[in-house]
Amino acid sequence: MPYKRTEQKFNGKINVCEIGAGDAAISIGGEKTLPFLGDEGFKTAVGIAISDAPEDWADCFKTIYGDDLKNPAAFAKAAVEKSGADFILVKLASADPNGADNSVENCVATAVAVEAAVEVPVVIEGCKNAEKDAKLLEAVAKALENKNVVLFSAVEDNYKTIGAAGAMAYGQKVSAESAVDINLAKQLNILLTQLGVKSQDIVMDVGSAAAGYGFEYVASTMDRIRLAGLGQNDESLQMPIITDVSSDSWSVKESVFTEAEAPEWGNLEARGIGMEVTTAAACVVGGSNAIIVRHPESAKTIKSMIAGLIG
Amino acid sequence: MSKFMVIGERIHCISPAIRQAFADRNPDPILLRAKEQLTAGADYLDLNIGPAERDGEDLMQWGVKLLQENFDNVPLALDTANMKAIEAGIKVYNRAKGKPIVNSADAGDRIGYLDLAAANDAMCIALCSKEGVPADNDERIMYCSELLERGMEHGMEPTDMLFDPLFIVIKGMQDKLMDVLEAIQMITDMGLLTTGGLSNVSNGAPKHIRPLLDSATIAMAIQCGFSSAIVNPCDRRLMETVVACDIIKNNILYADSVLEF
């Protein structure tokens, strides 16, 4: 019997989302197939993460960045230079009311300084306190009007403020965070769209986990989201996916235990990079359109993997 | 599985307003009904111009262009007894959002509609009947097989044929309705797609009863594999039932706001 090749045809298409302004702008999304299977030039963007409160980061980052760690603008510049990343994520972790509780004004100043220091698009993360992030990301959106930054991220408890201020009043992009909950991912996109945010202005932060820490669930969530968007042509799930693996990857025992605590595991920096690259690679082949890592070596490795896959 | 396909039935020459609009080539009443149905969730629109013996070709082309130009190439079912009009409609039809559907062939005098669909790379609704409503499922499946064979002989993909088991009216033929559901299951088990004019089920029942009968019937039919129907999408209860069934069958992804369409 002759071999009959069967091809699964998709009607749907992932939205193209442009982030950044002017010459620095990049586009993510646009694919009509699962990752790397089409011929439409699917290319994952790679971002590097910095923080305004990196005190708890592994010692290797002190060696890499030195005093720049204390100055977000210098830190941002160095991170982009050392990693060759396509964009940068700045975590305004100091805003956390249960931590340093830094003021909105100070954090906005940090965001503005970082944006001015780099020539790549900027993604701005709050402190993961829904109430504070609503105020903070609203103020950031206003201060960086026309810079087309990504507000990372709106959750169920603050999507109205962040959606209305960010995407509608000040022309930014809004990320919708659903923490590995596929139904919530769809729901948040519907709610943002009902609010009046254009679907082209939404990206999805569907969540992640470090490889080996329940990643199967992340993988199946990404698969189902992509299959719904492409196969069922579900317009409420055709937004590009942006995934930050940096915090998860650098907070599991493999990337935290010192060489004194776990001598048989070898060099801590290499372990952290290993965790991060493994997790990021899995997300990239799972469908992330933009992937964010912490270590410059991780960024370079993932970039070369993507280049190799595209061929 | 792909989600249930809703073909909106409301652009039909049996309505006096639509008949008049066709005669006058007046776009407004037609565009209004199209918009209502698409907003309510219709996937395809049926364009029924009636017998249209005199100016069918011109009328069908006018209707196809009108709807597709105003609603982003909405896919259409072309519905008339005038075969030349269907062919004329397909000539100006834009396939960007889906193939045209020829409505409809049967195993009797209308078998030529299947040849027409095959010759024009269109889909076709195939009524499992020859003259009137089939007596039982032996007849339904016999006609279904005849139509399938004919379509395939002419080069059609089996999935381009939508087999209609002919829904019967509850008021008068209540005892035969389970047969129709069984036929849907049998046709589905053959790997084929189905459709049907659902409103027939509740024909003659009071207005407030019809949505209940229609939505219960469609839920039971979908359980048997029913894959599309020609319905009034403005029946909210019916459309909510279709979405709920699609969720239960895992054809679409659940979200809390999924019924806010």
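The following legends describe close-up views of a predicted model.

**Figure 1. Overall build of chain A.** Chain A contains eleven helices and ten strands. Its radius of gyration is 19 Å, close to the 19 Å that the globule rule gives for 311 residues, so chain A is as compact as a globular protein of that length. Taken along the principal axes, the C-alpha atoms of chain A fill a box of roughly 65 × 50 × 35 Å.

**Figure 2. Packing of helices H2 and H11 in chain A.** Helix H2 of chain A covers residues 72-83, and helix H11 of chain A covers residues 296-310. The two helices pack at an angle of about 40°, and their axes are 8 Å apart. This angle makes H2(A) oblique to H11(A). The crossing of H2(A) and H11(A) is right-handed. On the H2(A) side, the contact is formed by Ala79(A), Lys82(A) and Ser83(A), which meet Pro296(A), Ala299(A) and Lys300(A) of H11(A). The residues of this contact of H2(A) with H11(A) comprise three nonpolar, one polar and two charged.

**Figure 3. Overall build of chain B.** Chain B contains ten helices and eight strands. A compact globule of 261 residues would have a radius of gyration near 18 Å, and the 17 Å of chain B agrees with this. Along its principal axes, the C-alpha trace of chain B spans about 45 × 45 × 35 Å.

**Figure 4. The annotated span of chain B.** An unreviewed UniProt entry lists residues 4-249 of chain B as "domain: Pterin-binding". Within this span, 47% is helix and 17% is strand. The end C-alpha atoms of residues 4-249 of chain B lie 10 Å apart.

**Figure 5. Packing of helices H6 and H8 in chain B.** Helix H6 of chain B covers residues 137-153, and helix H8 of chain B covers residues 177-189. Their axes come within 10 Å and cross at roughly 35°. The crossing of H6(B) and H8(B) is right-handed. From H6(B), the residues Asn137(B), Arg140(B), Ile141(B) and Cys144(B) take part in the contact. They meet Asp179(B), Glu182(B), Ala183(B), Met186(B) and Ile187(B) of H8(B). The residues of this contact of H6(B) with H8(B) divide into five nonpolar, one polar and three charged.

**Figure 6. The contact between chain A and chain B.** Chain A contributes ten residues to the contact, and chain B contributes eight residues. On the side of chain B that touches chain A, four residues are nonpolar, two are polar and two are charged.

Notes: Residues numbered from 1 in each chain as written. Chains lettered and ligands numbered in written order. Predicted model: local features only at pLDDT ≥ 70, side-chain atom pairs only at ≥ 80, totals over all residues. Axes fitted to C-alpha atoms, helices over the stretch in contact; angles between N-to-C directions. Helix = DSSP H or I, 4+ residues; strand = E, 2+ residues; numbered from the N terminus. Parallel < 35°, antiparallel > 145°, perpendicular 65-115°, else oblique. Left-handed = near helix turned anticlockwise from the far one by under 90°. Contact = placed C-beta atoms within 7 Å. Nonpolar A, V, L, I, M, F, W, Y, C, P; charged D, E, K, R; others polar. UniProt positions renumbered as here; feature names shortened; annotations may be inferred. Rg over C-alpha atoms; globule rule 2.2 N^0.38 Å.
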